Amino acid sequence: MYRYDEFDRAFVKDRVNQLRDQVSRRLSGGLTEDEFKPLRLQNGVYLQLHAYMLRVAIPYGTLSSRQMHKLAHIARTYDKDYGHFTTRQNIQYNWPTLQDIPTILDELAEVDMHAIQTSGNCIRNVTADQYAGATADEIEDPRVWAEIVRQWSTLHPEFAFLPRKFKIAVTAAPNDRAAIRFHDIGLAIVKNDAGDVGFEVHVGGGLGRTPMVARKIRDFLPRHQLLSYLEATLRVYNMLGRRDNKYKARIKILVHETGVEEFTRLVEAEWSAVKEGTIDLPADEMERIAAYFAPPAFDALSNDPQELFAARVADPAFAAWEKANTFTHRATGYAIVNISLKPTGGIPGDATSAQMDAIADLAEKYSLDEIRVTHEQNLTLPHVRQADLPTVFNVLVSIGFADANIGLISDIICCPGLDYCSLANARSIPVSQRITERFADMKRQHDVGDLKLKISGCINACGHHHVGHIGILGVDRRGEEYYQITLGGSADENASIGKIIGPAFSSDSIVDAVEKVVDIYIGIRQDNESFLDTYRRVGLAPFKEKLYADAA
Amino acid sequence: MPTLLKNGSVAHDPWTQLADDSAIPDQGMVLVSLDRWQKDRDALIESGLTLGLQLDAGEHPDSIADDIGLFDMIALVFPAFSDGRAYSYARLLRERHDFVGELRAVGDVLQDQFMYMHRCGFDAFEVKKEADVIAFADALTIVSSAYQPALDDRRIRGRDASNRMAA
């Protein structure tokens, strides 16, 4: 993984000192809150319902054990002993004081981390496939390019005050685990007919109150020209994106209102003017960054070692966990391990300092010192020897993170909601907790099968409800929390936006309604058909009819 | 009155803003709006005055691309510091249109944006807060290096001096 050298360290140190100066000017009254707000936001500092919140960047979701230990230390020392892993592969602390924040950033800088551009109307933390470098189905490690984009976008002088926030995601696998079609720019690494590696460029995806699937504006961009193409795209957006209405300011609205053909023409025209410039990386610099992501030296091992067989037979709980939570590794004898941060009744994405420390230790001993954060608010140990899986499982059991529910109905994406967030209309965490309790029977969950359930506490859609196979949106109805259900959304390569099924449900009836939707699916599915496939076959009508039949 | 900072120092401002409905004076250095320029272009050129042009946010420099060489100064307006369009305009003027005159930031110009403005090619700043005037030099160097080439000469990750853009 990428390691800071003297240049990166000096840069981050400068940036922390700059924020320290800004905080002191704010505290002494030299900066108004209006002037301070965008400055603190571009350093990840929010003002929430009850306190300041600090969002720390975890570029493309990759962490070393040393970094995870530091995150645990910060939770213990400056917060209430926990942190919250987010859908953008970051971590949030909900209770730091403003005075402590520069010190927290100093601590982060000690382990090559920062909170730069985790908020504000700028280019945000770049995200990537959490299986990067470990999965067999990728063309190359997308993190090389995510890191190149991270560096280019960091304190980019032209794009610090865009019309609105800007999110870029990169994947190199045909199975899109990074939801690139719901980003402002989604980059898919592809090979052309000549065998050259480049990017398919998707622009204008997003969720929020106007969900849109990104439009493809380029089939193949030679990879060494990525930065000039991004610069051209961002420049067009910076100059033409709407600034009169923050709800129409994302690039998706510009693409939609301009038309994708005209937008593409504008980008290509700008690109043809900038691409001969100096923005694209020199080859040696590209190689320097790529070298950090060279595949680790995997041992020559065989699949399904004896220890694994024995554990499967001896412990059915292990066998169920292995089946649900591990994924095929590119190297034989290894596995990708997903750690579910979705225990029954828990808060999706939350981890205590003790849990973080335990996971850091696991990574150091069993995963070549690497941890990944997933956009589904789980963690991943990317490089685990299959023979070590039983040991890893037992440690996860001891810290309460061994639920065998990856991809199942209780593996819920959920925003912080009204428990924390000043924008929310309704609580989302308690609904998520009650759904996991209702479906606590693992046998039943496995019978239901692949089902992505996502909950947002307001229309800003931080819980990705639009792309849930089942989505739940909290709304305010005359001061009461109500919940609208959508069906059929999907964030993967076959992207779709969920459709609202009908009138919203009260907090008391929402869990029954979800259970009913699941039962309807069980009743009409054919063979091993998944929920999404069933929905795509039959549409909304049968669900709607049966869901509201009793209420009529 | 804002303080004019030019090339890092407090400077006397020799420019006079010419209101859209005022007569063209006989002499001086006048700053005109895009509207006025488009209306009275020929008369302004004939006047022999030293000319400056003010572009508001939303007034793209490409709209006066052929005339850029006629101006000694171009002022770009930041209607709010959070409106970043002028950063792109500045780069286009410097890099695309080879504008070598004074490029002035006006409007909501604050110390925490000086570095970005400077990197995008601004060399003059109309500053309203006294504290920001004092902080100017530090604000440019508080982050001393950068990850992307722009129009200043700070140290750039992965590039040597020959790799920088010429201003």
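Q: Helices (H or I, at least four residues) and strands (E, at least two) are DSSP runs, numbered from the N terminus. Where is Q117(A) found?
A: Q117(A) sits in the loop between α4 (101-110) and β6 (127-128) of chain A. This is a predicted model, where local features need pLDDT of at least 70, side-chain atom pairs count only at pLDDT 80 or more, and totals for chains, interfaces and linings use all residues. Residues are numbered from 1 along each chain as its sequence is written, and chains are lettered from A and ligands numbered from 1 in the order in which they are written.

Q: Why is Q117(A) called buried?
A: A residue is buried if 20 or more other C-beta atoms, placed from the backbone, lie within 10 Å of its own, exposed if 12 or fewer, and partly exposed in between. Q117(A) has 26 other C-beta atoms within 10 Å, so it is buried.

Q: What makes the phi of Q117(A) worth a note?
A: Most residues other than glycine have a negative phi. Q117(A) is not a glycine, yet its phi is positive, about 60 degrees. D369(A) also carries a positive phi, near 70 degrees, without being glycine. D369(A) lies in the loop between α12 and β14 (370-373) of chain A.

Q: Why is D369(A) called partly exposed?
A: D369(A) has 18 other C-beta atoms within 10 Å.

Q: What makes R427(A) buried?
A: R427(A) has 21 other C-beta atoms within 10 Å, so it counts as buried. R427(A) is in the loop between β16 (413-414) and α14 (429-438) of chain A.

Q: Which residues does R427(A) touch, not counting residues up to four places away in sequence?
A: Contact requires C-beta atoms, placed from the backbone, within 7 Å. By that rule R427(A) touches G417(A), L418(A), D419(A), G457(A), G474(A) and E481(A).

Q: How do we know that V30(B) is buried?
A: V30(B) has 20 C-beta neighbours inside 10 Å, so it counts as buried. V30(B) belongs to strand β4 (residues 29-33) of chain B. Beyond four places in sequence, its contacts are T16(B), L18(B), P25(B), L49(B), L51(B) and G52(B).

Q: What makes β17(A) and strand β18 (residues 470-477) of chain A a pair?
A: Two strands pair if DSSP finds at least two bridges between them. β17(A) and β18(A) have four bridges, in the parallel sense. One link joins I455(A) to its bridge partner I472(A) in β18(A). β16(A) and β17(A) also pair in the parallel sense, over two bridges. There, I413(A) stands opposite K454(A).

Q: Which way do the residues of strand β17 (residues 453-456) of chain A point?
A: L453(A) and I455(A) point one way. K454(A) and S456(A) point the other way. All are buried.

Q: What is the order of the open sheet of five strands?
A: The order is β1-β2-β5-β4-β13 in chain A, with antiparallel pairing.

Q: Why are β1 (45-47) and β13 (350-352) of chain A called edge strands?
A: Each pairs on one side only. Inside the sheet, β2 (residues 52-56) and β5 (residues 91-93) of chain A pair in the antiparallel sense over three bridges. V56(A) has I91(A) in β5(A) as its bridge partner.

Q: Which strands does helix α3 (residues 65-78) of chain A touch?
A: Helix α3(A) packs on the sheet against β4 (82-85) and β5 of chain A. Its direction makes about 15 degrees with that of β5(A); axes are lines fitted to C-alpha atoms, for helices over the stretch in contact, with angles from 0 to 180 degrees between N-to-C directions. Helix α12 (residues 353-366) of chain A touches β4 and β13 of chain A, at about 85 degrees to β13(A).

Q: Which residues touch the most other members of the largest nonpolar core?
A: A nonpolar core is a set of buried Ala, Val, Leu, Ile, Met, Phe, Trp, Tyr and Cys residues joined through C-beta atoms within 7 Å. This one has 207 residues, and M68(A), L187(A), I359(A), V517(A), L76(B), A90(B) and F125(B) touch the most other members. Helix α6 (residues 226-240) of chain A provides the largest share, nine residues.

Q: How many residues of chain A are in contact with chain B?
A: 33 residues of chain A contact 30 residues of chain B. α1(A) gives the most to the chain A side, with eight residues.

Methods:
Two residues are in contact if their C-beta atoms, placed from the backbone, lie within 7 Å.
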